[in-house]
Amino acid sequence: MTDEPYGSDAPEPLRHVEHVMGTVFSFDVREVAPADRPRVRAALDGAVAGLHRVDELFSTYRPDSQISRLGRGELTLSRCDPEVREVLRMCEEAEHRSGGWFSAHYAGRRPDPTGLVKGWAVERAARMLVSAGAGSVCVNGGGDVQGHGGPWRVGIADPLRRGELAVVVEASGELAVATSGPAERGCHILDPRTGLPPAEGLASVTVVAASLADADAWATAACAMGAGRARPWLGRLPDAEAFVVTADGSTWHTSGFTRHMAGLCV
């Protein structure tokens, strides 16, 4: 996924790229009044530090993270940091709203909020910058984007044709775009009932919503459902729209997705 602003005559933006949580995060901050620039720069530093803190708390690859220690029974939830309790509560809500297709406990395994925590972290970082006075913000975390202001154009990678785009989304106001699927990391999203790959796997699911935590969770849940269940469920989601690339390369989208489209590339 790529993102770019357009139609803006704003002065020099604040930009930053950070490698953390096993991926790349990019910040593009615009429409900052001169008097607010020091405060926004400080917020950018705080947002970057916050991403590293999220990695320390939630990484399933770090044996000393709180989520790893919680899974091994070395730490109780009540003794975890408030951020851990917040994210696991959000995971429970997403599991309920998805009928169990989103899960932080696949097939009874140790807690793994990977399907939501990155979106939550990106969304939180973007809000920090807006609260500091930035009028237009785009934070891209490994291809999942939270935007404020804008407008921005977000390119959704074609999962079956490397280097090409499937669709371009126009994001304005408060809008998030999340994509899930096996193209980048292989089949890492499992059927939570069996712990196995979905029977009717999809190449990618992109969800557009106001909140990146929500969009991330819904895209993950739809991939876990597989083709047959995902289409009607995505069509019923309130305040969210979706674009799907199937395993054979065909595409479909929910009825309201067209209002977010700047171009269809497949």
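Reply: Asp 55 is situated in helix α1, and everything said about it here refers to a predicted model. Asp 55 counts as buried because its relative accessibility is 17%, and the limit for that class is under 20%. Its side chain is joined to the side chain of Arg 62 by a polar contact of 3.3 Å. If neighbours within four places in sequence are set aside, Asp 55 is in contact with Val 20, Met 21 and Arg 62.

Asp 81 lies in the loop that runs between α2 (66–71) and α3 (82–97). The side chain of Asp 81 makes a polar contact of 2.4 Å with the side chain of Arg 53. Residues up to four places away in sequence not being counted, Asp 81 touches Arg 53, Leu 57 and Gln 66.

The structure holds 1 cavity of 30 Å³ or more, and the space in the largest cavity is about 40 Å³. Which residues line the largest cavity? The lining consists of Ala 47, Gly 50, Leu 51, Ala 121, Arg 124, Ala 125 and Met 128. Two elements, α1 (37–58) and α4 (114–131), each give two or more residues to this lining. Of the elements, α4 gives the most, with 4 residues. Sorted by class, the lining has 5 nonpolar, 1 polar and 1 charged residues.

Val 130 is classed as partly exposed because its relative accessibility is 31%. Beyond residues up to four places away in sequence, Val 130 touches Val 137 and His 148. Thr 206 is 76 residues from Val 130 along the chain, and 25 Å separate the C-alpha atoms of the two residues.

Glu 31 lies in the loop between β3 (23–30) and α1. The phi of Glu 31 is near 55°, a positive value in a residue that is not glycine. Glu 31 counts as partly exposed because its relative accessibility is 42%. Asp 239 is another non-glycine residue with positive phi, here about 60°. Asp 239 is found in the loop between α6 (227–236) and β10 (240–246). Is Asp 239 buried or exposed? Asp 239 counts as exposed because its relative accessibility is 75%, and the exposed class begins over 50%. A further backbone feature is the cis peptide bond between Gly 150 and Pro 151, with omega about 5°. Pro 151 is placed in the loop between β5 (144–148) and β6 (152–157).

The axes of α5 (residues 212–225) and α6 come within 6 Å and cross at roughly 140°. From α5, the residues Trp 218, Ala 221, Ala 222 and Met 225 meet Ala 227, Arg 229, Ala 230, Trp 233 and Leu 234 of α6. By class, the residues of this contact are 8 nonpolar, no polar and 1 charged.

Leu 234, one of the α6 residues in that contact, can be examined on its own. Leu 234 is buried, because its relative accessible area is 2%. With neighbours within four places in sequence left aside, Leu 234 is in contact with Val 205, Val 207, Ala 222, Ala 242, Val 244, Trp 252 and Thr 254. Phe 257 stands 23 residues from Leu 234 in sequence, and the C-alpha atoms of the two are 11 Å apart in space.

The account ends with a glycine. Gly 256 lies in the loop between β11 (251–253) and β12 (261–264). Gly 256 is buried because its relative accessible area is 11%. Glu 241 is 15 residues from Gly 256 along the chain, and their C-alpha atoms are separated by 6.1 Å.

Conventions
Residues are numbered from 1 along each chain as its sequence is written. This is a predicted model: local features need pLDDT of at least 70, side-chain atom pairs count only at pLDDT 80 or more; totals for chains, interfaces and linings use all residues. Side-chain values use heavy atoms; hydrogens and water are left out. On a 1 Å grid over the protein atoms alone, a cavity is a set of points where a 1.4 Å probe fits but cannot get out, and a pocket is an open set with protein on both sides within 12 Å along at least five of seven lines; lining residues have an atom within 4 Å of a point. Grid points are joined across faces, edges and corners, and a volume is the space filled by probe spheres set on the points. Ala, Val, Leu, Ile, Met, Phe, Trp, Tyr, Cys and Pro count as nonpolar, Asp, Glu, Lys and Arg as charged, and the others, Gly among them, as polar. Buried means under 20% relative accessible area, exposed over 50%, partly exposed in between (1.4 Å probe, protein chains only). A polar contact is a pair of N or O atoms within 3.5 Å; within protein, one must be able to donate a hydrogen and the other to accept it, and residues adjacent in sequence count only if both atoms are side-chain atoms. Contact means heavy atoms within 4.5 Å. Axes are lines fitted to C-alpha atoms, for helices over the stretch in contact, and angles run from 0 to 180 degrees between N-to-C directions.
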